[in-house]
Amino acid sequence: MIRTYTTEMQLLLEGGGCSVVSIDQAAIRNFGMALGPFQMSDLAGNDIGYLIKQELRQKGTLYERESDLGDELVVKHKRAGMKVLKGWYNYDKRLANGRVPLPSTEVDDYVKSYRASRGLLSTSEKEVSANAVVERLIYPLINEGFKILEENIAYNPSDIDIIYLYGYGFPAWRGGPMHFADHGVGLPKLLKKLQEFNAKYPGSDYYTPSRLLKECVAMGIGVQEYYDKKMRQKAKSKL
């Protein structure tokens with residue numbers, strides 16, 4: 001699930017109209033995440049993400065729509081993250097022992113250069129709203145949660161919620177990604193937005209709506225209710 005999140009954060013940045021800071025602030029201030037995606041990447045280590053991506057490339061399982069921004073950040077600019085005091089942000093040992101993210105002009109210049117070299121730089125970039133940033137980050141993450149349930153990797157939607165609440169800094173008041181899908185977004189709206197994004201950004205498998213999501217919408221129920229009914233049916237069959 002988290003790979004959709006880190007993939008889309010780079011594509012948002014690559015596309016223009018937003019910055020490392022504005023994307024992170026959308027996730028933190030507008031949605032309530034404990035850390036923004038770029039802050040999280042710096043904390044985990046950008047080199048780890050790079051190595052995972054290289055392994056996926058060798059296996060031929062990369063998304064068709066990917067950005068090389070993070071790869072070049074590590075390989076060309078040696079910005080592996082908080083542990084080396086420079087990643088998507090700068091860090092200063094004198095500030096909370098190097099744990100405070102400081103905006104980097106070097107990264108800003110690198111992103112501009114990257115965009116220009118690929119013909120992505122526009123003289124009239126339209127600013128991407130914080131709400132649009134949140135939708136492009138969070139909705140595909142939720143969609144991957146549906147696919148994980150389809151594949152029986154997770155037993156129950158609440159299992160995914162607990163992992164994201166305690167492991168990834170998902171805002172507790174939103175109840176976790178699957179609870180948020182049911183009670184925050186609403187599954188019909190989620191499906192509609194994913195279909196729109198899938199048409200607008202081809203090559204991103206994580207925007208292809210899951211079969212389970214479509215089934216829940218057709219039945220007019222939430223994903224947790226779907227699984228609660230499934231559990232009751234299993235219990236009855238054992239009697």
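Student: Ala-181: buried or exposed?
Tutor: Ala-181 is buried, because its relative accessible area is 0%. Buried means under 20% relative accessible area, exposed means over 50%, and partly exposed lies in between, with a 1.4 Å probe and protein chains only. The model is predicted: local features need pLDDT of at least 70, side-chain atom pairs count only at pLDDT 80 or more, and totals for chains, interfaces and linings use all residues. Residues are numbered from 1 along each chain as its sequence is written, and side-chain values use heavy atoms, with hydrogens and water left out.

Student: Which helix holds Ala-181?
Tutor: Helix α9, residues 177-185. Helices are DSSP runs of H or I with at least four residues, strands are E runs of at least two, and numbering starts at the N terminus.

Student: And what does Ala-181 touch?
Tutor: Setting aside residues up to four places away in sequence, Ala-181 touches Ile-142, Phe-146, Gly-186, Leu-187 and Leu-190. Contact means heavy atoms within 4.5 Å.

Student: How far is Ala-181 from Leu-213?
Tutor: Their C-alpha atoms are 10.0 Å apart. Along the chain, Ala-181 and Leu-213 are separated by 32 residues.

Student: Phe-146 and Leu-190 came up there. Which residues touch the most other members of the largest nonpolar core?
Tutor: Phe-146 and Leu-190 are in that group, together with Trp-88, Leu-137 and Ile-138. The core has 59 residues. A nonpolar core is a set of buried Ala, Val, Leu, Ile, Met, Phe, Trp, Tyr and Cys residues joined through side-chain atoms within 4.5 Å.

Student: Which helix gives the largest share of this core?
Tutor: Helix α7, residues 130-150, supplies 10 residues.

Student: What is Ile-138 in contact with?
Tutor: Tyr-5, Phe-31 and Phe-180, once neighbours within four places in sequence are left aside.

Student: Back to α7. Why does Asn-143 count as buried?
Tutor: Asn-143 sits in helix α7. It counts as buried because its relative accessibility is 0%.

Student: Which residues does Asn-143 touch?
Tutor: Beyond four places in sequence, Asn-143 touches Leu-194, Tyr-206, Tyr-207, Thr-208, Pro-209, Ser-210 and Leu-213.

Student: Tyr-5 now. Where is it, and is it buried or exposed?
Tutor: Tyr-5 is in helix α1, residues 2-15. At 2% relative accessibility, Tyr-5 counts as buried.

Student: What are the contacts of Tyr-5?
Tutor: Not counting residues up to four places away, Tyr-5 touches Ala-27, Met-33, Leu-35, Pro-37, Met-40, Leu-137, Ile-138 and Leu-141.

Student: What about Leu-13?
Tutor: Leu-13 is also found in helix α1. Leu-13 is buried, with a relative accessible area of 2%. Apart from residues up to four places away, its contacts include Cys-18, Ile-23, Phe-38, Leu-69, Trp-88 and Val-111.

Student: How far is Leu-13 from Glu-150?
Tutor: Those C-alpha atoms are 31 Å apart, and the two residues are 137 apart along the chain.

Student: New topic: loops. Where is Leu-85?
Tutor: Leu-85 lies in the loop between α5 (69-75) and α6 (105-117). Leu-85 is partly exposed, with a relative accessible area of 29%. Leaving out residues up to four places away, Leu-85 touches Asn-90, Tyr-91, Lys-93 and Gly-98. From Leu-85 to Asp-42, 43 residues apart along the chain, the C-alpha separation is 9.2 Å.

Student: What is phi at Ala-96 and at Asn-97?
Tutor: Near 50° for Ala-96, a positive value in a residue other than glycine. Phi of Asn-97 is near 55°, again positive in a non-glycine residue. At 54% relative accessibility, Asn-97 counts as exposed.

Student: Zoom out. How many helices and strands?
Tutor: The protein chain has 12 helices and 0 strands.

Student: What about burial and contacts across the chain?
Tutor: Of the 239 residues, 49% count as buried. Among contacts between residues at least 6 apart in sequence, 65% join residues at least 24 apart.

Student: What size is the box around the C-alpha atoms?
Tutor: Roughly 65 × 40 × 35 Å, taken along the principal axes.
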